[in-house]
Each structure stands twice: as C-alpha cells, then as structure tokens.
Amino acid sequence: MKKKLTIMAFLIVLNTVSFAGEKEDMKYIDELYKSKNYKVAVLELEGFLKNYPKSKYVKTIQERLAKTYFLEKDYDKSKKYFNILLANYSLKKSEKDEFYYYQTVNSSYLGNFDDAIAYQKNLDVNGDYYNKASYEIGKEYYNSGEYNKAQLELSKLLSSKGEYYDKGILYLALSSYNNGQYVKSIVYLDEYYKGTEKDKNYPLMNYIYGSCYYKMNNIIKAEKYFKEVAEKYPEDTYAQRSLLSLVSIYRDIKNESEMMKAVSRLKDGQEAKIAYKLVAEYNLNKGDYLKSAEYYEKIISGSDDPSVIYGYAYSLYKKGEKTKSLDYFKELKNTEYEDDAIYYSAFINYEKNNYKGVLDLTKDLNNRDVKLLYSDNLYLMMASSAYETGKYKLSREYYMKVYENSYRKDELYKIIVVDSKIGDLKDLEIRFEEYRKTFVRDQQYKKDVYLAVGGSYYASGNISKAQSVYEEYLKSNRDDEILGNLIAILLNEKQYEKMSKYLNMQNASSENTYLKGIASLGMMKYQDAEGYFKKAGDSGTQEIKEKSQYNLVKTYFSWEKYAEAVETGEGYLGKGYVKNQGDVLDKMALSYFRMGEYDKSRETYDKLKSIEGYSDYALFQTGESFYSEGDYKGASKIYREIYSKNPKGKYAEDSLYWEINSLYNLGEFDLLQKSSSEFLKNYKKSSYRGNVMLFNADANMASENFEGAIATYKELYETTEDATLKENSAAKLTEIYYESNSLENALIWAEKIPAKNKGSYWKAITYEKKGDVDLAHAEYKKLLEDDKYRDRAAFNLANYYFKKENYAEAKQYYETVDKSNESQYKDTSAFQLGVIYEKEKDYNNSLRMFTKVNLLYKDSPLRESAVIKIAVVYESMGEEKEAKKSYNDFLGQYKESKFKDFALEKLISMNLKEENKKEAVSYYEELKKRSPEKSKKYIEYFEEGKKQ
C-alpha cells in the first residue's frame, strides 16, 4: 500500500508548464489522476509525448507512464518506459535504485526471471530495494512452481531480518512444503509464528503445519492442526481445505464415523466435491455400492473426471442398475477406463442376449490391445455373440485370438464347431490335427469334436473321410451316436437324399412310409423318422409293425431320447417280437448306460447274454459300464474274464487293453506290467500297441524301474508310426538320461526329438551340464526366436554371462526375459538387472528394477532381497532420507530376516551421522539383543566406559 501511495504522490504533482497547450494538457492529466481514471490518463500521456516531443516534461511524463502501466499491471509497457528512462537520462542513485527495482518486479511478474536477476544485480545488496526485489522474485518463482529457485531467492532475506523477512519466511515455508521438505517447512513456520508481522495468516499457517505432519505420517499432529483451522476459522478458505484433509485422514485410517462428521461440515464447493469423491471411493473399495453410488451421485452431474464417471457406473452396475450404468460407461471412451467400460457394457448386453449390442460395442477392439484382465473374457463374449448372430467367420477370428493366448482345449473345440458351420474344411483339418496331437487324453470335448468333423466331411460329400474320423474315435472310445453315424454311412453308401427323393416319388404305402423313416433316420431327421415309423406301425403288416417298432427304438436312441427308447423297447419285447430282440436289449442297456443308470444297464446285459451271438459282447459292455461308472476294479475283473475265456476271441484284444487302462487308473502297476507284456506278446499289430507301451513305460517310471522304462520307450520310438508317440518317447528318454547324468545318451535322444525347438532346448541344457559352453550357447541362441523357449534360453544365457561378470551380455539377455509377456523367470531377471545397474552405478534404473520386483512379484523369493536393495541404492545415490525410510520400511515388512542386522546397523550409522542419538539408540538396543557381537562396535557411542 505504501508503494502505491508513493507512486500516486509522484503522479499528481503539478509542474509549471511554459506553453499554454502544455499547461492545459498537464492540467487535464492531473485531473485524470485525481479522479483515478488511469486508462484515459495513459492515453493522454502517450499523446503528450507525441505532441510535445521536446518538452522539458518528457522525462516526467515517461516516468508517469512507466509507473501507471505498472499499477495497471501492463508490465510489458511499464518495462518499456523504465528501460527508456534508464537508457536516456543521467539519473540520481535513488532514481536508479527505484527504476531497477521496478524492472526487477516487472520481469518477475512477466515470468522473465533471467531479466529480473539481471536487473536485481544493479541494486545495492544492503538497500531496501534489494530485499523488496528478492521477496518479489521469490514470490513469483513460487507462484510459477519453481520452488527450489524460490527458496534460493527468499533465503537472501534471512540475514537482513528487514521489512520483508516475515513474508519471505512464510513463502519459504510454502516452497519447502511443495518441495517435499516438510521438516524444513515446519522450521520456517515456527520462525514465522514468532515473527513481528501483525496480521499473520493463521489459517494458512496452521493448514500448512497440518499438511506437513500429514505428509510425514504424523497423523495425530496433522489432525490437531486441521481441526484447529476448521474450528477457529470456519469461514476461512483453509477451514474447508482442512476439513477435506481430515476426510482424507479418516478415510486412510478407516475411521468412518469421523470421516462422515468432517464431510457434514463442508460447505458446497470444490473441497466438498473432492470429499464426496473420497467417500464414494472408500465405499466402493469396501463393497458398499449403495453408499458409493449415493456419493458419486452428488458429483456426477457435469463431471468430466473419468474416475468419477467410472466409479458411479460401476457402483450402479454392482447394485443392479445395469441399464442405467450403460449410459455412464458410454462416457468413458478415450479414457483410461475405456477397456473397463467396454467390458462391463458388453457383459450387460451379453446377459440380455443382445449379441448385436456386444458386437457394436467391441467392433474397434481389433485395432488395439485390451487390458489383460478383460481380454480373454471380452473376446469370448464377442466370439459367442458373433456365433449367435450367424457371423461365423468373425466368431472364429475372435475365438482364435483367445486360443493364441491360452492354447486351451475349450477355444479349440469352439473353433472346430465354427469351422464346421462355415464349411471351411481346410482350417477344420488343421485344427482337428492340432486337437488330436495336443489334447490326447481329453474326454470333455472329444465326442463333439469328432461329431463336428465327421459331420462336416459328410456334409461336404467326403464320405470316406467322415467314415475314417468315426472309426478313429471308436478305436479307443465308445459312443452310440458316433457308432450310429458310422452305420448310417455304411448303409447304402449314405445316399439318403436320393433315397428320400425316390421314396417321395412312389405311391403312398406302409412300406414307403417305413422306408422314409429309414431315410430320415439315416439323415438324422429324428422327428420325421419318429412320425414315419409310428404311422407305418399303425397301418402296416405284422412284419412292418415289427420293423417300425424296432427302428423307432433306434430312432429314440440316436435322438438321445433314452427314456423313450427304453419304453419303446419294453413294448417291442412285450409284443413277443424276437427277430431283433438282441439289438433292442442292447439299445435298452445302452440307454440306461447313457442315463447313468448303470445297475439297470447291467441287468439288461445279463438278459442279452442268453441270446446267441451276444454273450461276449454283453459281458464286454458290462465291463464298459463299470469303467464309465469309475469302478475300475469291477471293470478290470470283467475285462480279465473275457480275455481269459478266449485270448483270440472277438473282444479279447479290446478287453485286455481296457483292463490295462483300468489298472493304470487303479495304480496297480505290477499287474499292469504283467498285462502289458501279455498284450504286446499276443497283439503285435494292434492299433493300441503304442498306447500300451506308453502305459507300461509310465508304470516302470512310477515303480522307479528306469531300465525297464528306457527299454520300453526305445522300443516304442522304434516301432510306432504315430508322430506324437514318437516325440513323447524321445523326449522321455532324453529326460531320463539327463537326470541320471548319462549326458552323451541324452544328446543322442535329444537329436531324435522331431520338434526341433524341444530338441534344441534339451541339447542346450545337456551341453551346459557337460560344460560345453559354446555348444550350449549355440543351441540357446537358436531358441531366442522361439516363443515357447525364448525366455528359458535367454535366462540361462544371462546367468552364464552374469557369473562370468560380463554384465553387458548378461543385461541383454535378462532384458529379453523382462520384456516377455509370460515367464517364470521374470522376477529373477528383474532382480539381476537391478544388480547389474547397481554395479554400473546407474542407480535410477537399479532402483526401478528392484522396485519392480517388490511391487509386481509379491510371491517372489527375491522380494525380500529387493526391498533391502532399494534402501542400499537410495544410500548409494546420497538420498539419505529415502534410504532411512526404506530401511525402516524393510524392518516393518520383514520382522525376522537374514538382512535385519544389516538394516539395523545402517540405521544406527545414519542416525549417528545425523547426530540423532535418541533414534540411533533404539536400533542399537535391538541389535544388541539380536547380535551382541555385532553391537560391540557401537559401544563407545552409547555405553561409554564399557568398551575395553
């Protein structure tokens, strides 16, 4: 205020003017200043300079302009006229000091700090203007966010303790706070508190006190200061800010009741909105979605904060208002929550069977990556939606995306089904082959896969391939539907369409109706077949009645209407029909089997055994029922009975094979080996031979008969034509030799593994075990281009170079692992990279990698070492405060650790260095209890006279 009055006093001084025009104009200008009409005054002053360029009042006018523009905050023009004054006139020292002061302030207000400092250098460091200038520069540095520079400039005021000392101290406190120097900020605030300034800003001061203590995690003191501001100065801006800080504190310590009290005292405004958001997020994390929605609702209107919009949308979703949530999820496009919004929106539409809506929402996802959390589920919904809407190619594309990430049988099965819908036999053949090799033991989807593939070949007219697919399935599995399909193919070479066509051209008759039923049954048009057989049975001859009822049993059985099949079969037998009695009993028994009524199935097979030609079959099917029921002991007994009865009989080979299966499931490896020997001796050309040898080898391994296992695997490799069995046997032999240190043999068999990547991996680790480093590395380097083995190869190479202290090479390979999507070695690689960077004194990157281990790999055994390393690195960087905090964090996180003594010693040393003996002694006492010997070196600091 004093500064403005001084300027005004100068501006209204009247000067004697020689000429009438000048006098008149000056008088007018003076009147303008008296009335404080500065905008018009500067126009008149500018005009005066144009009209009277040689007036003796030019300097006076220029000075008025410079100071008036300063008052009007037009600092550029003010600066211009002060520059003119400084350049063109011989000035008194007092004038120069004043003008340079103004130029310093002008430049500061314009943010041109280089100019400000240059002007300041012209001021007397012991003069008042210098301190004023330092205050203004420091204040503007603070306002522009350059807190370090603000501190440097404002520190100049500390020695003078002049007029601007108190104000400077307050800005020093603020700058220190914003620099994260909370202790220093408190020191300055204490000094400000003791200062002479009358109108101290107590609300601001106490608010900063509270904020400093909050940042230092001294919640009790922080709470005290915030409460004081809120209670003593309720109308002040900082009261609202303090209440907001209290909300944050109570939220963090989960004191919900105090949090809500603080919220209730907030007035409408920005602080209240932030508080509502904090409360909403608190309840969202707690799972109280009614409450979170309530508080989001208070701030959602007009909000463009994505976190608020997402929080509200998610709260609505979780409390069941899914349709309403969609409107808010839509607003999250092109934000960090876009993937979350798309996922939940798609899920809502998918639940409503709005498949088109799902596809519309996700149509652009192909162009970018999606959060891993949602990726698979999103693409599965997209794939299913595309399938339901008949967009089969799109459905396959989406299923492929998931399959390429997961390689699960679920997605592969669906791809096969979609291929069958599209009729893409080329891709179907590729996927079918992949299924057969990858999921050898799958039973969940196997039947449906073979049905889809066989049906596709059938539909395309490739009858022989359809037939071979069904036959392949029946070699090792039992299923009546596939069996029915195969029978249908064999009958009349599956010319059912033509058969139906000709039947429709004939005159109607019971025989014709019956044959239409046969054609419909063959084409799996079961509803049509049912109608035809019932109609033929109602009106035909006794022969047609018998055939119709018999085929009606077959129809229901093929249709999987097993209860109806049983009921119709009982009707057939009740009428005394005997021609197809055996097959009807079989269908009834199989129907009970399919319905899981195994006891009734076996009762029916007992009846079937009395019919000529069915005895062995019925007994075999009885064994099958025990096997499917999971009664492997009962199954094994039946299969042995059939085989023992006649080793050359029709069901002997199958029975012995399934007995071996049963024994494997029972873990009866001694009996399994005995039965396997019988099988391999008696059935040298059996299609089951490879599987039996595999069972035998596995049994030898389980019994630790490694020589027997080796012999069996070798024989299997030499005799089988199945590529999968050949690969598995070579890999097993390599593994056995490797584990037993027969490394030359391991290399021989690794070379025979058909999958080159797998072979290279085994050769690499075998060469490494032998000590042939160059050969091992040559194999590892081949694997660096292979997705499956890249991380293992890179990791082993990195470890080798690390041990050799060739850190540049080690780093290259550890980085390969670190950048991989999935790897069991990522935590170790990140840790080793931290060690390498530490050795290279690249502490920022070292800190980054150790922190990554700590935060991302929470189950890693290296996490504890990483946490202590973080403290060590901070110490190496000279960041003592962060190092102390990290050592303390470590002690809090790991109560009992092999590094605990190390951390305690570090904290003792660091606190002694800071002359903080009180804190150092607490660590010393703990070290003394844990490790008396280690503590002795510190006796002189804490227990004078005790050290000898």
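# Helices, burial and salt bridges

Me: In which helix does leucine 743 lie?
Reply: This is a predicted model, where local features need pLDDT of at least 70 and side-chain atom pairs count only at pLDDT 80 or more, while totals for chains, interfaces and linings use all residues. Residues are numbered from 1 along each chain as its sequence is written, and side-chain values use heavy atoms, with hydrogens and water left out. Helices (H or I, at least four residues) and strands (E, at least two) are DSSP runs numbered from the N terminus. The run that holds leucine 743 covers residues 743-752 and is helix α43.

Me: Is leucine 743 buried or exposed?
Reply: Buried means under 20% relative accessible area, exposed over 50%, and partly exposed in between (1.4 Å probe, protein chains only). Leucine 743 has 12% relative accessibility, so it counts as buried.

Me: Which residues are in contact with leucine 743, leaving aside its neighbours within four places in sequence?
Reply: Contact means heavy atoms within 4.5 Å. With those neighbours left aside, the residues in contact with leucine 743 are Tyr737, Tyr738, Thr766, Lys769 and Lys770.

Me: At what angle do helix α42 and helix α44 pack?
Reply: Axes are lines fitted to C-alpha atoms, for helices over the stretch in contact, and angles run from 0 to 180 degrees between N-to-C directions. The axes of α42 (residues 723-739) and α44 (residues 756-770) are 11 Å apart. Among the residues making the contact are Tyr738 of α42 and Trp762 of α44. The angle is about 10 degrees.

Me: How are α42 and α44 oriented to each other?
Reply: Angles under 35 degrees count as roughly parallel, over 145 as roughly antiparallel, 65 to 115 as roughly perpendicular and the rest as oblique. The angle between α42 and α44 is about 10 degrees. The two helices are therefore roughly parallel.

Me: How many salt bridges does the structure hold?
Reply: A salt bridge is a side-chain nitrogen of Lys or Arg within 4 Å of a carboxyl oxygen of Asp or Glu. One of them joins aspartate 442 to lysine 409, with the closest N and O atoms 3.0 Å apart. The number in the structure is 63.

Me: What separates arginine 431 and aspartate 427 along helix α25?
Reply: The side chains of arginine 431 and aspartate 427 meet in a salt bridge, 3.4 Å from N to O. Both residues are buried. They are four residues apart in helix α25, so the separation is about one helical turn.

Me: Which helix holds lysine 869?
Reply: Lysine 869 meets glutamate 838 in a salt bridge (2.7 Å, N to O). Glutamate 838 lies in helix α48 (residues 826-839), and the pair ties together parts 31 residues apart in sequence, because lysine 869 lies in helix α50.

Me: Is serine 242 buried or exposed?
Reply: Serine 242 is found in helix α14 (residues 237-252). Beyond its neighbours within four places in sequence, serine 242 is in contact with Tyr207, Phe226, Val229 and Ala230. Its relative accessible area is 0%, so serine 242 is buried.

Me: Where is methionine 216 found?
Reply: Methionine 216 has a relative accessible area of 35%, which means that it is partly exposed. Its place in the chain is the loop between α12 (202-215) and α13 (219-232).
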